[in-house]
Amino acid sequence: MPKALCIGELLIDFVSTTPDVTLAEAPGFVKAPGGAPANVAVGLAKLGMDAGFIGKVGADAFGDFLRDVLQQNSVDTEHLIADDAARTTLAFVATRSDGMKDITFYRHPGADIQLTPDEINIGYVQSAELFHYGSVSLSHSPSREATLHAIRTAKAGGARLSYDPNLRLMLWDDADNAKRWIWEVMPYADIVKISEEEWEFITGDADLEQGIERILGLGVQLLIITLGERGCYYTNGSAAGFVDGFIVNVVDTLGAGDAFVAAMLSQLMPPRDLTSLEKVELDRIMRYANAAGALATQKIGVIPSLPTPSEIENFL
């Protein structure tokens with residue numbers, strides 16, 4: 001049984017071959033496997049962790065391709081289900097050099113949101129030491145109920161829970177519903193990573209201190225705010241700090257946050273008390289994660305760009 005499990009969306013990103021153009025202007029696209037929780041699963045596997053993925057793809061050529069990619073990257077796919085009734089979700093992505101993205105999803109409905117609670121294997125989930133989830137799978141039923149069931153099962157099994165909301169508003173019926181469900185699953189998490197551009201929407205407050213207080217007050221032990229090329233800010237309630245990012249020639253920013261999360265989580269295992277970690281150790285972990293994020297911007301597509309430990313060490 002894998003020690004680390006990720007649940008959520010697994011899809012195809014069609015990434016524009018030209019940066020700084022709109023989707024309408026893009027002359028062509030490169031097919032790339034994606035989906036934030038799946039990216040994290042591969043990132044963890046590349047960093048030497050035993051990882052598995054829970055989700056659903058279509059029983060189609062794209063679904064077969066995605067399963068093969070996960071397997072080639074040593075991610076357990078025993079609980080990746082092929083759906084006969086819905087197709088694999090597709091996303092068309094135009095990236096900009098400032099890190100912003102123009103994304104359109106083809107999901108009417110996609111197979112990723114067809115996962116049901118009774119398809120969650122309780123024994124598989126409860127055996128995990130680390131369980132990572134996002135909010136995209138909460139946007140519609142039945143994957144919303146399946147994700148909630150898995151989160152609660154992992155918590156009951158004593159796993160460390162990691163949460164990256166990974167806000168994609170265009171996948172939700174309305175913004176209020178998105179905010180409601182993003183907060184609904186926050187109290188289960190031990191680790192929360194939120195990007196700077198998501199912060200104000202999620203917390204409803206541009207003021208950093210109030211948002212931090214609210215999240216830590218739910219029982220979250222470690223909160224990280226990623227700041228793109230400027231690095232990240234972290235706090236565990238006792239130690240806090242900014243850790244500078246790395247300046248690199250960016251090819252594609254898509255997935256840098258997933259590389260960051262995987263690298264950070266790999267350094268926080270096996271589970272220990274996060275609130276007692278000292279600043280010097282957290283600074284080291286966040287620098288390692290920043291390096292992984294920087295490396296992930298060097299190639300088109302997320303999964304091919306996720307770094308190995310030796311690549312991170314050499315970069316540092």
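This report describes the nonpolar cores, the helix packing and some local backbone features of one protein structure.

The structure is a predicted model, in which local features need pLDDT of at least 70 and side-chain atom pairs count only at pLDDT 80 or more, while totals for chains, interfaces and linings use all residues. Residues are numbered from 1 along each chain as its sequence is written, and side-chain values use heavy atoms, with hydrogens and water left out.

## Nonpolar cores

A nonpolar core is a set of buried Ala, Val, Leu, Ile, Met, Phe, Trp, Tyr and Cys residues joined through side-chain atoms within 4.5 Å. Buried means under 20% relative accessible area, exposed over 50%, and partly exposed in between, with a 1.4 Å probe and protein chains only. The largest nonpolar core has 66 residues, and Leu44, Phe53, Ile224, Met264 and Met286 have the most contacts inside it. The element that gives the most to this core is helix 9 (residues 279–296), with 10 residues. Apart from this core lies another one of 40 residues, among them Ala159, Tyr163, Ala178 and Ala189. Helices (H or I, at least four residues) and strands (E, at least two) are DSSP runs, numbered from the N terminus.

Ile224 is found in strand 12 (residues 222–226). Ile224 is buried because its relative accessible area is 0%. Contact means heavy atoms within 4.5 Å. Leaving aside neighbours within four places in sequence, the residues in contact with Ile224 include Ile191, Cys232, Phe260, Met264 and Met286. Ile224 and Phe242 are 18 residues apart in sequence, and their C-alpha atoms are 9.7 Å apart in space. Met264, not counting residues up to four places away in sequence, touches Ile191, Ile224, Ile285, Met286 and Ala289.

## Helix packing

Two packed helices are described by the angle between their axes and the distance between the axes. Here the axes are lines fitted to C-alpha atoms, for helices over the stretch in contact, and angles run from 0 to 180 degrees between N-to-C directions.

| Helix pair | Angle | Axis distance |
|---|---|---|
| Helix 1 (residues 36–46) and helix 8 (residues 256–267) | about 45° | 8 Å |
| Helix 8 and helix 9 | about 145° | 7 Å |
| Helix 5 (residues 175–184) and helix 6 (residues 196–203) | roughly 95° | within 10 Å |

Angles under 35 degrees count as roughly parallel, over 145 as roughly antiparallel, 65 to 115 as roughly perpendicular and the rest as oblique. Helix 1 and helix 8 pack at an angle of about 45°, and helix 1 is therefore oblique to helix 8. Their crossing is right-handed; a crossing is right-handed if the near helix is turned clockwise from the far one by less than a right angle, and left-handed if anticlockwise. In this contact, Ala36, Asn39, Val40, Gly43 and Leu44 of helix 1 meet Asp258, Val261, Ala262, Leu265 and Ser266 of helix 8. By class, the contact of helix 1 with helix 8 has 6 nonpolar, 3 polar and 1 charged residues. In this classification, Ala, Val, Leu, Ile, Met, Phe, Trp, Tyr, Cys and Pro count as nonpolar, Asp, Glu, Lys and Arg as charged, and the others, Gly among them, as polar.

The crossing of helix 8 and helix 9 is right-handed. The residues of this contact divide into 11 nonpolar, 4 polar and 1 charged. Among the residues that meet are Met264 in helix 8 and Met286 in helix 9.

Helix 5 and helix 6 are roughly perpendicular to each other. Ala175, Ala178, Lys179, Ile182 and Trp183 in helix 5 meet Phe201, Ile202 and Thr203 in helix 6. The contact of helix 5 with helix 6 divides into 6 nonpolar, 1 polar and 1 charged residues.

## Two residues of helix 4

Thr153 is found in helix 4 (residues 143–156), and Leu148 lies in helix 4. Thr153 is buried, with a relative accessible area of 7%, and Leu148 counts as buried at 8%. Not counting residues up to four places away in sequence, Thr153 touches Ile122, Val125 and Gln126, whereas Leu148 touches Leu138, Trp181 and Val185.

## Backbone features

Most residues other than glycine have a negative phi, and most peptide bonds are trans. The peptide bond from His108 to Pro109 is cis, with omega near -15°, and the bond from Met269 to Pro270 is cis, with omega near -5°. Pro270 is in the loop between helix 8 and helix 9. Ser74 has a positive phi, near 65°, and is exposed, with a relative accessible area of 54%. Asn166 has a positive phi near 45° but counts as buried, at 11% relative accessibility.
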